[in-house]
Amino acid sequence: SLFKRNSWGEWYVREGGSLVPAPPDLHDHDRTQSIFVDALRTIQEAASQTLQRPLQIATVSVPEHFNDSSALAVIEAFREVEPSYKQPWQVIRSGAATWLAYGLSTCEALGLDHDNCDVDDDLNTMIMVEYDETYLQLSTANVGSVTCNIETRVRYADLGENAILDAVANASQEAGIRQEILQNDDSGSATTVQKKHFANIENTLSDFLMEQESVPRGFNWWDTVRAVVISGDASEPGLQGLRGCVSNALGQDKDKMRNSIDPLYVEAMGAAQRGQHQVLNPRFLDDMVFSLIPEHDEL
């Protein structure tokens with residue numbers, strides 16, 4: 001899964017140990033594509049070495065916030081690296097990857113009564129909680145048997161895990177304070193900052209859910225929520241804190257939380273599920289077949 005990072009309102013992609021400007025549209029497209037080429041080749045080579053056999057890349061997932069230029073750079077990099085590349089919809093958005101990872105396309109997976117369920121006639125909402133070093137992102141999507149349509153996406157740049165470190169750095173210069181935070185120590189200023197940080201996340205999530213419920217729809221929106229999925233790239237103590245926030249915000253509905261897959265690998269698992277489907281059903285990559293599927297869940 002490839003990514004961009006935001007700093008002071010500008011988007012960057014990682015190149016080695018540094019960040020370089022990413023598209024939008026007037027950035028250096030060729031340079032950005034070359035970064036994605038290097039990343040895909042590195043991933044492919046590492047996986048081939050681990051499994052001791054050549055591997056093809058079937059599907060790539062990209063963050064939901066990638067604009068058209070960024071997504072196109074990934075598609076062109078994919079085409080350059082993988083001779084078996086056929087269609088641009090082999091690159092999927094993170095929302096679709098999350099939906100695929102948990103298989104939220106059947107009555108059973110959505111927790112519905114199989115005898116009285118029609119996945120595509122019913123309204124089924126998936127809530128995604130993505131926690132990264134630099135942001136918290138909350139999203140909702142309407143999911144069905146073949147579609148995952150993003151409806152709402154809000155990013156909070158001040159609620160990423162690094163906010164804990166920044167807050168402590170501003171308040172204290174104590175040696176070892178970063179390690180104290182990452183180890184989730186129960187004493188000192190680190191714990192005070194952590195508690196405040198996760199209280200802010202819990203309040204933000206609760207407010208987000210109440211805002212969604214307050215939108216006039218003609219039906220009870222919360223009754224359509226089938227799953228709340230956690231994903232992201234944060235430390236294990238940070239993810240433990242996030243799980244507590246989600247559980248508290250959901251209250252008596254905390255059983256809707258899905259957390260059986262390591263949050264770091266949710267998108268990769270979803271891409272793998274799509275890749276497996278393509279291998280087992282080659283016609284999925286035919287133009288005529290895919291034209292029957294609404295395109296907005298893919299790219």
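User: What makes a residue count as buried, exposed or partly exposed here?

Analyst: Buried means under 20% relative accessible area, exposed means over 50%, and partly exposed lies in between. This is a predicted model, and the values are computed from it.

User: Why is C148 called buried?

Analyst: C148 has a relative accessible area of 2%. The cut-off is under 20%. Therefore C148 is buried.

User: What about C245: buried or exposed?

Analyst: Its relative accessibility is 2%. That is under 20%, so C245 counts as buried.

User: How do you know that C107 and C117 form a disulfide?

Analyst: The S to S distance of C107 and C117 is 2.0 Å. A disulfide needs cysteine sulfur atoms within 2.5 Å. The pair meets that cut-off, so the bond is assigned. The structure holds one disulfide.

User: Why is the disulfide of C107 and C117 called left-handed?

Analyst: The torsion about its S-S bond is about -90 degrees, so the disulfide is left-handed.

User: Are C107 and C117 buried or exposed?

Analyst: C107 has 10% relative accessibility. C117 has a relative accessible area of 16%. Buried means under 20%, so C107 and C117 count as buried.

User: What makes M269 partly exposed?

Analyst: M269 has a relative accessible area of 37%. That lies between the cut-offs of 20% and 50%, so M269 is partly exposed. M269 sits in helix α8 (residues 266-280).

User: How much of the protein is buried?

Analyst: Of its 299 residues, 47% count as buried. The protein exposes about 15400 Å². Carbon and sulfur atoms supply 49% of that area.

User: Where is confidence lowest and where is it highest?

Analyst: The protein has nine helices and 10 strands. Confidence is lowest in strand β1 (residues 4-7), at a mean of 44. It is highest in strand β6 (residues 125-131), at 97. Over residues 1-9 the pLDDT is below 50. It also stays under 50 over residues 290-299. The protein averages a pLDDT of 83.

Terms used: Residues are numbered from 1 along each chain as its sequence is written. This is a predicted model: local features need pLDDT of at least 70, side-chain atom pairs count only at pLDDT 80 or more; totals for chains, interfaces and linings use all residues. Side-chain values use heavy atoms; hydrogens and water are left out. Helices (H or I, at least four residues) and strands (E, at least two) are DSSP runs, numbered from the N terminus. Buried means under 20% relative accessible area, exposed over 50%, partly exposed in between (1.4 Å probe, protein chains only). Accessible areas come from the Shrake-Rupley method with a 1.4 Å probe; for residues, only the protein chains shown count as cover. pLDDT is the predictor's confidence in each residue, from 0 to 100. Contact means heavy atoms within 4.5 Å.
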